[in-house]
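New page in the notebook. I want to look through this one piece by piece and jot down what turns up.

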Amino acid sequence: MSRMKFTVISPEVYTYGAMLVAGILKDNGYEVTLKRRLSAEKKSTVMLSLYSTQHLLSDEIKEFISKHRKNGGTVYIGGPVSAYPEMVLGELKPDAVIAGEGENSVPYVAKLGISSGTPGLAYTGPDGNIIRTKAVAPASMKRPLPLIPDDISSQSIRGASAYIETHRGCTGACTFCQVPRYFGREIRSRDLPDILEEVKEFKKHGATRISVSGGTGSLYQYRNGKINEDAFIELLRGMAKIMGKNNVSSPDIRVDCINERIAQAIREYTIGWVFFGLESGSDKILKVMGKGVSVSQASDAVYRCRDFGLKVAGSFIVGHPLETAEDFEKTKDFITEHCLDDVFVSIAEPIPKTPLAELVLNTPKEKSPLYMPHKGEYMALKLTESEARSFDLQMHADMFKPNLHVVTDEIFNAYLFGVRKDGKEIRAATELLFKYYGK
Ligand code: SF4
């Protein structure tokens with residue numbers, strides 16, 4: 001009897017989640033192909049792993065699904081977008097959505113297909129109503145090895161071939177973030193030998209640099225309200241032994257989850273960069289964002305890392321509905337004072353089912369930075385307020401990076417193009433939320 005065939009696709013990049021699902025299917029005896037392009041054998045079963053609301057707006061993805069289904073194939077959609085199945089079913093029209101953490105439901109989906117007895121599914125019933133089957137429990141952190149493609153070295157996500165999962169969940173409650181809502185606020189950690197076996201496997205397949213995934217690196221093995229420094233240090237040491245310290249990064253850490261020992265381990269066992277989600281230089285905005293930390297804690301963390309010789313990068317979010325011009329100036333001041341080695345700026349995006357999404361949807365458009373025309377310094381560029389702040393902050397950060405960064409015409413135009421694109425995409429995603437809000 002021929003084995004059932006699956007194609008697992010994550011558009012553009014091999015995401016860790018797609019590799020994991022492909023590994024589980026392979027371990028269950030199925031024939032699996034993993035792709036980052038939208039193509040599949042006719043009549044095959046496709047599992048599409050989508051990680052951005054933008055995917056719900058993609059004509060290319062819509063066309064692929066429609067054509068594949070017309071040709072007799074089946075399409076399931078999973079990944080972070082499955083947190084809002086109504087939107088996925090309404091916009092992309094797949095056969096079904098694998099809702100929530102897929103590891104537990106994928107083997108049932110493969111065996112039983114779309115049926116009321118398959119856990120963790122959402123699909124459109126004959127009368128057009130959305131049917132949701134029994135929810136699956138949070139996944140165990142014991143699982144088979146992911147399916148790692150042989151061309152994994154060809155991808156570079158902020159310098160890493162892959163971001164591996166060491167634990168799941170976040171103790172934080174940032175109002176713009178889906179992680180605690182999707183994975184919960186309890187930390188579930190993997191066993192170190194399993195992680196290291198996986199790192200070896202990545203290396204065997206050609207991965208050049210491996211990074212620890214998620215915004216909370218040092219929460220690995222967090223227990224009883226305490227950071228487990230020893231476990232995190234062992235993790236980095238083990239990874240460095242396999243990959244070499246120049247091929248390991250542990251970038252994202254909460255500013256209240258770093259101390260001397262952790263900073264020292266990052267210097268000793270990784271490329272020596274730390275990445276903080278700083279978001280704003282205004283305590284008021286940090287509070288409404290639910291960051292749970294203050295500007296002075298963020299400042300201390302930056303200086304502490306510098307003392308240990310680490311490079312520090314930070315990300316900022318501009319255009320929060322409650323961010324005033326004064327709050328924005330405080331963010332600029334933070335950057336002026338701390339001269340960060342790298343800065344990433346994004347416009348506040350209402351991720352579905354987050355408190356920020358509620359706030360954006362309840363803010364009249366004429367008062368929302370996402371829609372309001374900018375009337376200040378960059379008025380001639382015809383930007384919205386969010387776009388203007390993002391543009392301004394990127395230019396400002398360049399002036400205060402430790403190494404000289406000259407803003408050439410080319411860079412100026414690239415920033416301008418980038419903020420216009422971001423603004424347009426986030427407004428399109430917000431319109432989608434307006435369409436499905438309350439459904
Ligand atoms: S600390 Fe990071 S992962 Fe946790 S809720 Fe905040 S943004 Fe999300």
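This is a predicted model: local features need pLDDT of at least 70, side-chain atom pairs count only at pLDDT 80 or more; totals for chains, interfaces and linings use all residues.

How many salt bridges does a search of the whole structure find? I get 32 salt bridges, a salt bridge being a side-chain nitrogen of Lys or Arg within 4 Å of a carboxyl oxygen of Asp or Glu.

Residues are numbered from 1 along each chain as its sequence is written, and side-chain values use heavy atoms, with hydrogens and water left out.

**Salt bridges**

I started with Arg143 and Glu165, whose side chains form a salt bridge at 2.9 Å, N to O. Arg143 sits in the loop between β7 (130-132) and β8 (162-164), and Glu165 in the loop between β8 and β9 (167-168), so this pair ties together parts 22 residues apart in sequence. (Helices, H or I with at least four residues, and strands, E with at least two, are DSSP runs numbered from the N terminus.) Are these two buried or exposed? Arg143 is buried at 14% relative accessible area, and Glu165 is buried too, at 9%. My cut-offs: buried is under 20% relative accessible area, exposed is over 50%, and partly exposed is in between, using a 1.4 Å probe and protein chains only.

I also found that Arg143 and Glu165 belong to a network of salt bridges, together with Glu101, Glu103, Arg168 and Arg188.

Next I looked up Glu229 and Arg261, which meet through their side chains in a salt bridge of 2.9 Å, N to O. Glu229 is in helix α7 (residues 229-243) and Arg261 is in helix α8 (residues 260-269), so the link joins parts 32 residues apart in sequence. I have Glu229 down as partly exposed at 22%, and Arg261 as partly exposed at 41%.

Then came Arg389 and Glu385, another salt bridge with 2.9 Å from N to O. Both residues are in helix α13 (residues 385-399), four residues apart, so about one helical turn separates them. I noted both Arg389 and Glu385 as buried.

**Strands**

For pairing, I count two strands as paired if DSSP finds at least two bridges between them. Strand β5 (residues 96-98) and strand β6 (residues 121-124) pair antiparallel over two bridges. Which residue of β6 is the bridge partner of Val97? I found Ala122 there.

β6 also pairs with β7, again in the antiparallel sense, over three bridges. Thr124 is opposite Ile130 of β7. These two strands make a hairpin with five residues between them, and Gly128 in the turn has a positive phi of about 90°.

Elsewhere I found an open sheet of three strands, in the order β8-β11-β12, with parallel pairing. Its edge strands are β8 and β12 (248-249), each pairing on one side only. Strand β11 (residues 210-212) runs parallel to β12 and is joined to it by two bridges. In that pairing, Ser211 stands opposite Ser249 in β12.

Which way does phi go at Cys339, positive or negative? It is positive, about 45°, although Cys339 is not a glycine. I placed Cys339 in the loop between α11 (325-338) and β15 (342-347), where it is partly exposed at 29%.

Lys382 lies in the loop between α12 (355-361) and α13, and at 71% relative accessibility it counts as exposed.

**One distance**

I checked Glu349 against Asp151: they are 198 residues apart in sequence and 32 Å apart in space, C-alpha to C-alpha. Glu349 is in the loop between β15 and α12, and it is partly exposed at 24%.
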